[in-house]
Amino acid sequence: MMRIFPIFRRNLTHVCSLKPYKDTKWLMPNGNPTGMYIYNCVAQERVPIILNDPSFATWYSCGPTVYDSSHIGHACCYVKLDIIQRILKSFFNINLVTAMGVTDIDDKIIKKSLETNSDFKTVAKKYEHEFWLDMSSLNVEKPMIITRVSEHIDTISGFIKGLIDSEMAYVAKDGSVYFNTSKFPNYGKLQAGHDNGETSDDAKMNKMDFALWKGYKPSEPSWPTDWGEGRPGWHIECSAMVSKIFGSQVDFHAGGIDLKFPHHENEEAQSCAYHNSRQWANYWIHVGHLNLKDTKMSKSLKNTISIPTVLEKYSADIFRMACLMSNYRYPMEYSDEVMSTAEEVLKKFRFFLKDVQVYANQRVNGVGDYNNKLMNELQKVIENNLETLRSDFDTASCINTLLNLISHTNKIIKGKTTDYYPVPVLLVADYVLQVLTKFGLKLSESSTENITNGFIDTLVEFRHTVRSNALERKDKELLNACDVVRDKMKLMKIQINDSKDTPSWVTIK
Ligand SMILES: [Zn+2]
């Protein structure tokens with residue numbers, strides 16, 4: 001069971017007194033060593049994982065911008081992050097408190113809402129709903145905390161006000177607010193020498209300055225602030241929401257490699273400026289791109305593949321195995337060859353687990369050697385795997401070691417020379433099953449339980465969407481219908497928890 005720890009909100013008031021010299025080095029946290037190592041883009045090498053708190057670690061992932069359906073690029077990113085979180089929790093007993101920000105106000109969402117003649121909230125809700133269903137079908141665990149920009153406007157404008165007050169940001173003619181990079185010498189910590197991608201704008205004082213707040217436009221949603229009406233820019237939301245939840249520092253901050261610059265660079269700059277600190281995120285985790293064979297996949301090329309399309313062809317376990325067999329930091333290729341290889345590997349494991357059952361039951365009365373050799377090999381594999389996972393989550397080596405182990409064990413199962421007691425073979429199978437399950441593989445795609453769970457997830461998500469809309473419109477009839485569904489499910493021993501943000505369910509006695 002996860003222990004619940006109180007998270008103290010640190011005082012967010014501040015006075016900026018950063019010394020004006022450049023120091024972009026990664027700082028080793030002064031805390032609690034875990035014995036693990038991770039690649040850090042600021043240090044440009046593997047560094048020890050040292051946690052701020054001895055009893056838990058904080059993790060924030062940048063979530064989706066919900067203006068369209070997610071594709072396998074997103075699937076790859078979130079499955080790989082899910083695997084890393086599971087490794088930290090299951091192999092190294094780290095209590096992770098996880099949060100994800102959903103961007104539900106953005107240029108692309110506004111564009112879509114104008115195109116479809118609907119409210120920006122309706123667009124965002126539709127695609128966020130789809131996103132969680134996709135994640136559930138990929139067996140990606142839901143973050144403990146989900147933050148949405150539209151629900152944190154006050155937090156965001158308060159954060160920006162702090163930056164304006166300390167003169168790290170300025171209000172431009174059009175009511176937009178920009179971060180003043182010339183006042184922050186450590187800009188370029190994550191990726192020096194890159195243009196921040198924003199179009200040059202007369203309103204900006206320096207080329208690298210980026211928007212924290214976008215001035216009022218009649219066609220866009222807007223909120224009032226001390227400096228005028230408008231809406232948040234993209235980068236500021238994560239900094240403000242993370243600070244609200246976790247205080248002035250976060251242990252892990254994750255996202256796709258495309259977010260490294262400018263998004264994460266800007267997040268780090270404005271957060272350090274706000275908190276008057278030299279390091280805000282201790283560990284940046286960036287997942288490599290997913291590429292189609294020979295081509296780049298992108299929305300603009302219109303060659304993206306949706307998550308349901310992939311899952312029609314390959315199971316969630318096969319997709320996850322392909323992710324496990326590639327390094328999380330490097331690009332991964334999506335092709336029929338890659339997926340077939342993953343499928344074959346998965347089959348090897350599944351057949352092995354079946355074969356061991358048959359073997360063990362045939363050998364209950366067996367006599368002979370206890371096979372210390374296999375026991376020793378198993379012990380070595382357990383130790384080696386912990387070492388490879390401890391060092392930047394090398395799941396590919398771990399899978400290879402497991403394949404070697406089952407190949408040796410298969411020789412015993414299928415060989416006729418010596419008759420062994422089944423115990424060592426059963427221990428190998430138990431270990432293999434444990435590791436694969438800890439990685440988030442289900443290994444029983446067609447079991448009724450999984451289908452039922454998927455079905456309940458879908459129903460609960462659907463009811464949540466209907467209920468949220470009904471609450472907004474004060475539609476009593478629909479709300480009653482939602483209550484009937486909840487009561488009927490309770491009779492079937494499934495209790496739904498109607499939280500505002502995220503619905504959940506548990507089975508009851
Ligand atoms: Zn972000």
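This is a short tour of the structure, stop by stop, with something to select at each one.

**Before you start**

You are looking at a predicted model, in which local features need pLDDT of at least 70 and side-chain atom pairs count only at pLDDT 80 or more, while totals for chains, interfaces and linings use all residues. Residues are numbered from 1 along each chain as its sequence is written, and side-chain values use heavy atoms, with hydrogens and water left out.

**Stop 1: the whole chain**

Show the chain as a cartoon. It holds 14 helices and 15 strands; helices (H or I, at least four residues) and strands (E, at least two) are DSSP runs, numbered from the N terminus. Of the 509 residues, 50% count as buried. Here buried means under 20% relative accessible area, exposed means over 50%, and partly exposed lies in between (1.4 Å probe, protein chains only).

**Stop 2: the zinc ion**

Now select the zinc ion. Which residues coordinate the zinc ion? They are Cys62 (SG), Cys238 (SG), His263 (NE2) and Glu267 (OE), at 2.1 to 2.3 Å. Donors are N, O and S atoms within 2.8 Å of the metal (3.2 Å for Na, K and Ca); water is not among the atoms, so sites may look incomplete.

Along the chain, these donors follow the spacing C-x175-C-x24-H-x3-E.

The angles among the four donor atoms run from 74 to 126 degrees, and the site is irregular. Why that label? Four donors count as tetrahedral only if all angles lie between 85 and 135 degrees; four count as square planar and six as octahedral if opposite donors are over 155 degrees apart and all others between 65 and 115; anything else is irregular.

**Stop 3**

Select Phe261 and Pro262: a cis peptide bond joins them, with omega about 5 degrees.

**Stop 4: strand S8 and its neighbors**

Next, select strand S8 (residues 210–215), where five of the six residues are buried. Two strands pair if DSSP finds at least two bridges between them. Strand S7 (residues 177–179) runs antiparallel to S8, and three bridges join them; look for Phe179 and its bridge partner Phe210. Three bridges also join S8 to strand S9 (residues 230–232), again antiparallel, and here Lys214 has Arg231 as its bridge partner.

**Stop 5: helix H11**

Select residues 395–414. This is helix H11, whose 20 residues reach 28 Å from first C-alpha to last, close to the 28 Å expected at 1.5 Å a residue. The expected span is 1.5 Å times one less than the number of residues. Its buried residues include Cys398, Leu402, Ile406 and Ile413. What do the buried residues of H11 pack against? Their neighbors are helices H1 (72–91), H8 (316–324), H9 (336–362), H10 (372–390) and H12 (423–438), where contact means heavy atoms within 4.5 Å.

**Stop 6: two loop residues**

Finish with Asn139, in the loop between helix H3 (120–137) and strand S5 (145–148). Its phi is positive, near 60 degrees. Then select Lys302, between strand S12 (290–292) and helix H7 (307–313). Lys302 has a positive phi of about 55 degrees, and is exposed at 75% relative accessible area. Most residues other than glycine have a negative phi.
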